[in-house]
Amino acid sequence: MDSVNDLTLQCPIPIQQYPQVMLAHGGGGKLMHQLIERMIGPAFHNSLLDVRHDGAVFDMPHNRLAFTTDSYVVNPLFFPGGDIGSLAVNGTVNDLAMCGARPLYLSAGFILEEGLPMETLWRIVQSMRRAADESGVLLVTGDTKVVDKGKGDGIFINTAGVGAVEHSLSIAPASVLPGDAILLSGDLGRHGITIMATRENLSFESEIESDCAPLAAMALGLINAGIDVHCLRDLTRGGLASALVEISEAANYLINIFENSIPVREDVRGACEILGFDPLYLANEGRFIAFVPEAQADDALALLTAHLNGTGACRIGTVTDDRQPLVTLKSRIGATRIVDMFSGEQLPRIC
Amino acid sequence: MKYIDEYRDPQAASQYAQAIARLTTRPWTLMEVCGGQTHAIIKFGVDELLPKEITLVHGPGCPVCVTPLELIDKAITIASRPGVIFCSFGDMLRVPGSEKDLFMVKAAGGDVRIVYSPLDCLKIARENPDKQVVFFAVGFETTAPANAMAVYQASQQGITNFSVLVSHVLVPPAMEAILSSTHNRVQGFLAAGHVCTVMGYTEYEPIAVKYRVPIVVTGFEPLDILQGVYMCIRQLEEGRAEVENQYTRMVRREGNDPARKLISEVFQITHRKWRGVGEIPQSGLALSEPYRQFDAEMRFGVEGYTAEESSDCISGLVLQGIKKPNECPAFGNICTPEHPLGATMVSNEGACAAYYRYRRFPAVSVSTREA
């Protein structure tokens, strides 16, 4: 967050006369025009956005495209390791990456609550720009609406994204094969615990920060190096457990993982013990699993660990040839149990 | 992690399991009292390490599970009133009442909030002087001190817009009810470590003598439970029936004196109905006379509710260790965590929920010794 603050100091709020968002900022008139022209347009400036048309028009030279959308309602808006802006960009970029696509273009829809401090919006917009720059993705179209005070919660953001699929692999749960190694890109649970701790004012000995990060470079790195990637999945809501159960159900193979091999940082484990959470179900915003052939597992792991966001990557399990939609876990003390999806809501509004 | 990993060490677990096997000469049935222990057993697969002669049955120590249906209905009635902020631990929100649960009240516009400490409610009450703040005070002796403290502080600070809906229950009377039943199959107990952290274990000594049953105060990690089983089996094999303390790093014989004093200041012992089990004499806590003004039942006029359980739910038998969750015809088909018939399928500490989450598929075979 310090770096965001620094940026704010360097770039003063471009709209000075309104310290807070007014209903008229979404009304289609002068104030909305000013908001777009002075703040959002310049922040994301690129040739497609600068046309200021109802939509972006561009060439797509590739055979296959990936297209995804996600809405962000996280509470609180700012948390250690990220904010709703970086989440809104990275989340959609990561969904594209999990399709094996190179993220190209994003749209952004802002739903602002009347009274939102303009400075807050400015910090979020700048954070989005930095995240977009980091992933090399362009924000090419958008929308702004303002709802009455009390009818929103500061700001909600929707982003949609388009990416190019530049290979012939079929990266999907149905492509998973017996013998596949399952690689995890790093430690689990930091995003969920960070949101929880920030929201409830819980403090731990050390500050736990969200793992929010872009994953496209790592995922594409595997594909470009010739790894026969069978499936990729980011571990957001529902965590590792839900991702594995979904893939096992779609592939109809029994997946076996080892509790001892799953990295969870000590402070996160401590928080989980206190709060009664299971790290397997906690949300992450910068973690994914990759299903790759056993013969390429070591190479794939080396590629992941060489990356800044993948230094903690490791193997956590394998796909068996048992044709049933089931995930089993070998516990720390050597017994086997099933891993199921979580019922209900472990933590609401984490992204 | 320190103080956790040591108690989940696979080698030590295996050595304890072997020691238990060497000790065991015939079938024994033990009950772990606390739902937290049940979940640890099922989650880590502790029972899979035990010799086939030993059967673990799961006890009544899940506060969410034993809170009677009519109390959930009372909570729903109070939470639905305008001007009420209803606060609860998260688990209680999904427990089905006669017609709906607290999540449905929240969805319909009721101000229902999850809190992590009852003391948070006092802050909410101070910040909302024009609202009535109600806390759903459920639980065993473990949560009683914090709940008592909230009432005590409200009284000291003159916070008049705070009240508690009390459904506190006590472990020793429930153990006696199980042991007195003609269906009882429990030969030894792993007593709930955290309850004893507060209360100590002097209350259990007459029970061990009267019913000739070993009682081992036991912790919650896999090695705690294995050691508790070892100590309990050793007593059974040697023909002893005493109270022993496995959980010495937390529990003293006399318990936590300030906590006990606070409980007896704010609460008094009363008859209490247990969900699925029925009324057990002297088995619960109610607000004592000087604190009766904080009783939400009186304040909102919801005394005298009654409600009938679903006849398909055998949670009462599960809570008494007479049946296992997977012996219920409704288990996993008409009763799931998404559509629970009884509270044992809802709570994180409920035995049915533990079985459903960790071992409902025959593929993970543990059914061989569950006859």
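These legends describe close-up views of a predicted model.

**View 1. The largest nonpolar core and Ala75(B).** The largest nonpolar core holds 128 residues, and Ala75(B) and Ala191(B) have the most contacts inside it. Helix α11 of chain B (residues 222-238) supplies the largest share of this core, 8 residues. Leaving aside residues up to four places away in sequence, Ala75(B) touches Phe86(B), Leu102(B), Phe136(B) and Leu165(B). Another core, of 104 residues, lies apart from this one; Val21(A), Leu112(A), Val162(A) and Val268(A) are among its members. In soluble globular proteins, nonpolar side chains tend to be buried together.

**View 2. A cis peptide bond in chain A.** The bond from Asn75(A) to Pro76(A) is cis, with omega near 10 degrees. Pro76(A) sits in the loop that runs between β1 (64-72) and β2 (78-79) of chain A.

**View 3. Two residues of chain A with positive phi.** Most residues other than glycine have a negative phi. Arg52(A), not a glycine, has a positive phi of about 55 degrees; it lies in the loop between α2 (30-44) and β1. Arg52(A) counts as exposed because it has 10 C-beta neighbours inside 10 Å, the limit being 12 or fewer. Asn252(A), also not a glycine, has a positive phi of about 60 degrees and is found in the loop between α7 (239-251) and β9 (255-258). With 14 C-beta neighbours inside 10 Å, Asn252(A) counts as partly exposed.

**View 4. Confidence along chain B.** Chain B averages a pLDDT of 92, and 96% of its residues score at least 70. Over residues 363-371 of chain B the pLDDT is below 50, and this stretch has 14 contacts in the model beyond near neighbours in sequence. Where pLDDT is low, the predicted coordinates should not be read in detail. The model scores ipTM 0.78 and pTM 0.86.

Key:
Residues numbered from 1 in each chain as written. Chains lettered and ligands numbered in written order. Predicted model: local features only at pLDDT ≥ 70, side-chain atom pairs only at ≥ 80, totals over all residues. Core = buried A, V, L, I, M, F, W, Y, C linked by C-beta atoms within 7 Å. Buried ≥ 20, exposed ≤ 12 C-beta atoms within 10 Å, placed from the backbone. Helix = DSSP H or I, 4+ residues; strand = E, 2+ residues; numbered from the N terminus. Contact = placed C-beta atoms within 7 Å. pLDDT = per-residue confidence, 0-100.
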